[in-house]
Amino acid sequence: GKNKNKNNNKEEFFEFKNDYFASIFVNLFRRIVVVSHRGTQLKWNAKGSIHADLVSVIGKKISTHEDSTLRFMDVLNRYGFAVNIKKEENEEYYDKYREYYSTNFPGIYTYNEQEEAFTIYINLNHKCCQSYEDNQEHYTWNVFHTGHSLGGFLAEICSSMAFSKNLYQPAITFESPGSKEHIIDLFLKKYNNQAEKIYETIDITEYLASPNAINTCNIHIGNIWQIDEKNDSGTFLALKDSHSMPRIVKK
């Protein structure tokens, strides 16, 4: 992975050989982590995103792409990750970061005086909820998943996996092909028949354009909002426009 800084946020990139890619955005003051899962890349790769569309979305089986997603989030939830803040890259916020974490969170903060840098250790599993109804304030870090198209599908899967492990990680997705059947089937097999419980308590919000070949692929889950009433997805070009993030953002 690699990282870059922008204002008071930190962004981390993670890419796998089978084409799975995620960006992690961290707001260090609000202690918010957003995991953004990339959607379909229009290039053929036997273990890539198009393969995931065919195997996971349509075939409702775990593809290598989806398996990488689940493994990645499992490691992230178990062990967390570290954010390194260098003064030369964060002139405006460096002193504020250092004072905030050294004062309030000394246990997850280390300082390197020689390099004028410090490290914050982010443990997403620091305080697990005892039940879904627990308030978000009980968590050290608030974690959210998001994504568009296949990325939205993967975000919903990761949010479900977190809920099955008693972690509160909501998902906000855009133009997902729908994941309800896959989630129930996946968690019925892997998590001791807790699928119905997960389905009843999961916190997923989906934003969809007008009905098209992608967003009507499967049954959806969570709170569903249609943000585009114009039904013009009859051709490939119209579908591409209806399904695109620029149009969704515009709406």
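How many bridges pair β5 and strand β7, and in which sense? The two strands pair over 6 bridges, in the antiparallel sense. The views below start from the whole predicted model and then come back to this pair.

**View 1. The whole chain, with 8 helices and 11 strands.** The chain has 251 residues, and 47% of them count as buried. If you take the contacts between residues at least 6 apart in sequence, 59% of them link residues at least 24 apart.

View 2. Mean pLDDT for the chain is 79, and 73% of the residues get to 70 or more. Strand β9 (residues 171-174) has the highest confidence, with a mean of 96, while strand β1 (residues 2-6) has the lowest, with a mean of 47. Residues 1-5 stay under 50 throughout, and the model gives them 15 contacts beyond four places in sequence. Residues 127-139 are also below 50, with 21 contacts in the model beyond near neighbours in sequence.

**View 3. The largest nonpolar core, a set of 44 residues.** Look for V33, F81, I122 and W141, the residues with the most contacts inside this core. Helix α4 (residues 150-164) is the top contributor, giving 7 residues.

**View 4. An open sheet of 3 strands.** The strand order is β5-β7-β6, and the pairing is antiparallel. β5 and β6 (109-112) are the edge strands; each has a single partner, so one side of each has no neighbour in the sheet. On average, neighbouring strands here are turned by 20 degrees against each other, ignoring direction.

**View 5. Zooming in on β5 and β7.** Here are the 6 antiparallel bridges from the opening question, with β7 spanning residues 117-122. To get your bearings, find V83: its bridge partner in β7 is I120.

**View 6. G80, in the loop between α2 (64-79) and β5 (81-86).** Leaving out residues up to four places away in sequence, G80 touches V75, I122, N123 and L124. I122 sits 42 residues from G80 along the chain, yet their C-alpha atoms are separated by 5.4 Å.

Technical notes: Residues numbered from 1 in each chain as written. Predicted model: local features only at pLDDT ≥ 70, side-chain atom pairs only at ≥ 80, totals over all residues. Heavy atoms only, no water. pLDDT = per-residue confidence, 0-100. Helix = DSSP H or I, 4+ residues; strand = E, 2+ residues; numbered from the N terminus. Contact = heavy atoms within 4.5 Å. Core = buried A, V, L, I, M, F, W, Y, C linked by side-chain atoms within 4.5 Å. Buried < 20%, exposed > 50% of the residue type's maximum accessible area, 1.4 Å probe, protein only. Pairing = 2+ DSSP bridges. Axes fitted to C-alpha atoms, helices over the stretch in contact; angles between N-to-C directions.
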